[in-house]
Amino acid sequence: MANVNTYDIGDRVKITGTFTTGGANADPAVVRAHYKDPAGTVTTYTYPDDAELVREAEGVYSFHIPVVREGMHYYRMDDGETGGYVATEGRFDVRKSNVL
C-alpha cells in the first residue's frame, strides 16, 4: 500500500492538478475539483464558477481542503466530462488531536 500523507485538524491541504495534451499543459473548458470528508460529505468546485478553484498557470489548477474532521479524506480533479481526463486523484489522513 502506498504511503498516505497525514495532517492535523486545522490544517489547509493544498491540492494541485495539471492538465496536459500531447505533453504540453492545456486548459480544459471546465475543471472540477471534488473532495469527500470522512463523514462521506462530497464538495465539488467548478472552474471558472467557484473562486475556491484557482488557475495558477496554463493547465495548472489548485484548491485547498480545510481539515476539520479526523479520518481519511479523498480528492479528485477532472475536466468535467464523464470518463474524461483526471489531473489528480488521491487521499490523505487526518489524525485525531491529542488535545481536543
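## K14, out on a strand

K14 is partly exposed, at 45% relative accessible area (buried means under 20%, exposed over 50%, partly exposed in between, using a 1.4 Å probe and protein chains only). You'll find K14 in strand β2; strands here are DSSP runs of E with at least two residues, numbered from the N terminus.

This is a predicted model, where local features need pLDDT of at least 70, side-chain atom pairs count only at pLDDT 80 or more, and totals for chains, interfaces and linings use all residues. Residues are numbered from 1 along each chain as its sequence is written, and side-chain values use heavy atoms, leaving out hydrogens and water.

## Who K14 meets

Setting aside neighbours within four places in sequence, K14 is in contact (heavy atoms within 4.5 Å) with E56, S62, F63 and H64. Take H64: 50 residues separate it from K14 in sequence, yet their C-alpha atoms are 4.4 Å apart.

## The nonpolar core

Nonpolar side chains tend to be buried together in soluble globular proteins. Here, the largest nonpolar core has 16 residues, and L53, F63, I65, Y75, M77 and F92 touch the most other members. Such a core is a set of buried Ala, Val, Leu, Ile, Met, Phe, Trp, Tyr and Cys residues joined through side-chain atoms within 4.5 Å.

L53 has contacts beyond four places in sequence that include V31, Y47, F63 and M77.

D79 sits in the loop between β9 (71-78) and β10 (86-95). Leaving out neighbours within four places in sequence, D79 is in contact with F19, P28, V30, G84 and Y85.

Methods
Helix = DSSP H or I, 4+ residues; strand = E, 2+ residues; numbered from the N terminus.
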